Amino acid sequence: MPYTQASDNAVIETALVEEVALAITINQVAHVVMMVSPLSLEYFATGFLFSEGVINHPDEIRDIHFERPDNAKG
């Protein structure tokens, strides 16, 4: 996402990191909500669950489903 700033008659354009809220629900029970980069969400969720000890191997995940709220931009 570009960000443009006018400074001393010069235009400076730089990239900003985009973040989205990610809620992880396991068996219809909310587990965690965090702000993350919107890239590779499946890998992020799998790694998070592994590092938290929720799963011991990625094969334990039967399904991953992503939803965007109706009021979300993008």
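Hi everyone, let me start with Thr46, which is buried, at a relative accessible area of 16% (buried means under 20%, exposed over 50% and partly exposed in between, with a 1.4 Å probe and protein chains only). Thr46 sits in helix 1; helices here are DSSP runs of H or I with at least four residues, strands are E runs of at least two, and both are numbered from the N terminus. Setting aside neighbours within four places in sequence, Thr46 is in contact with Ile55, Pro58, Ile61 and Ile64, where contact means heavy atoms within 4.5 Å.

A quick word on what we are looking at. This is a predicted model, where local features need pLDDT of at least 70 and side-chain atom pairs count only at pLDDT 80 or more, while totals for chains, interfaces and linings use all residues. Residues are numbered from 1 along each chain as its sequence is written, and side-chain values use heavy atoms, leaving out hydrogens and water.

So which residues form an aromatic pair? Rings of Phe, Tyr and Trp (its six-membered ring) pair if their centres lie within 6.5 Å, and planes under 30 degrees apart count as stacked, over 60 as edge-to-face and the rest as tilted. That rule gives one aromatic pair. The partners are Phe44 and Phe48, stacked at 6.5 Å centre to centre with 10 degrees between the planes. Both belong to helix 1 (residues 41-51), four residues apart, about one turn of the helix. Phe44 is partly exposed at 33% relative accessibility, whereas Phe48 is buried at 17%.

Finally, confidence: pLDDT is the predictor's confidence in each residue, from 0 to 100. The protein chain has a mean of 86, with 82% of its residues at 70 or more. Helix 1 is highest, at 95, and strand 1 (residues 2-7) lowest, at a mean of 66.
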